[in-house]
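The following note sets out numbered points on the structure shown below. Please read each point against the coordinates.

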Amino acid sequence: MLKINFKLNIIPILMFYCSTFLNAQIILRDDFKENSNYWFFREDGNQSVPIVKDGTLQLKLIDAVESEYCNTEIYDPTEPYQSGTILRTRIKASPQHIGSRGWGFWDGDLTLIDIFLEYDVAWIMQQKSLVSDEKYNWFLFGVASDSLSNKKTVSLQNKLNENEWHTYKIIWDENITSLYVDDELFYLTNSNIPDDKMRFDVWIDNRVINIEDPSKYWNNNSNGSSIFVDYVEITGLNGTEISRNTFGNILFWDSPNSYPNGKKDNLWKEYNFFVGQQSEVLIYISGNAENYAEFGIDDDLKIVINGIDYGWDNQNSLNGKMNNGNGYAISLPVNLSSGNHNLKIYTDETPFVSDIIVVNSPNGKLIYNNIFNQIANDEDGFFKNIDFEVSENSEITCLLSFDMNSKDDINIMIDDKAIDLTNQKKILGNELQKRTATFVINELLTSGKHSLKIFKTGSPKLVNVSVYSPSTITDIDNNLNDNFEFEFTVYPNPFNITTNINYKISQPTNVKIRIYNLLGELIEEVINDNHIIGYYNFEWNAENVSSGIYLFTISTNNYFESKKVILLK
């Protein structure tokens, strides 16, 4: 164990935000990156259970038979929710079939006695029949506290295209229930508010019900219908956002801890901040992004600072095709003048955003950035050590991002001092899926050698470590299970017009990337620059280059590799 090197007149800075539990209230969250044994997956008749595929839950009703009730469905195994609850879910449905489908809260009772006497719902329900009677054909949001035939409803017919992706939010309070679609209020009522516990449910079936008399129903043959669910998020009324206080070099720290509404190229967040003198500012954003290959779309997030666009699908964005549901941390240093500045966050689809952090000090800069993407597989205890040497007494800000769920935990020591992360651990993730959690450490360190040690419980994944300081650090040693081989990929390959060059640098070095034809002639030198440790992405546009086979070469001070790629136009 290294001895602590603080001078007596230097006091470590350890300041954190307060009372996280008074804000975010995450009850359940699942983005269907992988299957979970939490849900009750149900099928009736000749149907199959729902499946999880390409980042979505998929329910499909195929070739139902008229002789029996046919249904495919998922729901909570109990009825855990009560008033004071918010449901957010993003859903896309196929054109309506003969039968019913829906999503939202309900109390799960199915007997006719319960349907008529005590039937609590706050849900969207849609039905289509072979007959033209409106009692059998409807698309509505309904709220009921005693029976299915006694409810408050609003028609969604011709107001909402359920065949497109929409984010639905149902707020179920003690005195008011409301429906939002893509963050716009659709309906609000203070009548027939559910007064019993409910569960989340999404289903498709072949049953047609008379809306005024639910005892009048029949089963139909239905040859196809689908519902796709991107995510389900259920919280208390205070929602997902975590309150953060600023400290040390942190100018501001916002934790949405949630998803945007899914609109294309959507301005989701905007921040204004002040820089005291010209200096390097670190923009740090952590989260997860998925690839929905079946739909030809993926999550993404981009940064715009003072009108300068840092782009989609690169190392400065949350790129779903690259991350495929895994965590990532954008660590972007930007030189800014003294004065007021503007940061805008644009989103495509629904990347999960944990934290948006801006770091600055008069002489500070990003001195270390490493994307580890390393899962802790061994027994609980010591996980990783990062040794470094500080050139002068200085304030060091460390940002560490992990993919973790509520069963995982991490503890950190600098030298032989345990860092108090108690308040930063209030919200880690959830029981269903891992989420990226970012921890911030701000310390005054003396010049000399220091050690950052990470201890763990469970299987957290270390995503990224960034260090910001006015000092420099040298002799960086990342030991224990670290094999920092140079990574270099080109995707897609073959490609048409554009392809992405992705590479990881394990130590500061000069990087050159060149493109040659098969005759050995240089087509273009796309990169020739000094790099800090980190992950990089470059898009090559071959619009003015003819189809053929090309060699991409990458070279550093001690490394060379080439890859053959095919351009097809």
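1. Strands β3 and β4 form a hairpin with 2 residues between them, and D54 in the turn has a positive phi of about 50 degrees. The model is predicted: local features need pLDDT of at least 70, side-chain atom pairs count only at pLDDT 80 or more, and totals for chains, interfaces and linings use all residues. Residues are numbered from 1 along each chain as its sequence is written, and side-chain values use heavy atoms, leaving out hydrogens and water.

2. The antiparallel strands β3 (residues 51-53) and β4 are joined by 3 bridges, with V52 opposite L57. Strands are DSSP runs of E of at least two residues, numbered from the N terminus; two strands pair if DSSP finds at least two bridges between them.

3. Strand β4 also pairs with β17 (residues 225-236), antiparallel over 5 bridges; L61 has S225 as its bridge partner in β17. Because 5 of the 6 residues of β4 (residues 56-61) are buried, this strand is largely enclosed by the rest of the structure. Buried denotes under 20% relative accessible area (1.4 Å probe, protein chains only).

4. The structure holds 0 disulfides, a disulfide being a pair of cysteine sulfur atoms within 2.5 Å. C70 counts as buried at 0% relative accessibility, and C398 counts as buried at 3%.

How values were computed:
Buried means under 20% relative accessible area, exposed over 50%, partly exposed in between (1.4 Å probe, protein chains only). Helices (H or I, at least four residues) and strands (E, at least two) are DSSP runs, numbered from the N terminus.
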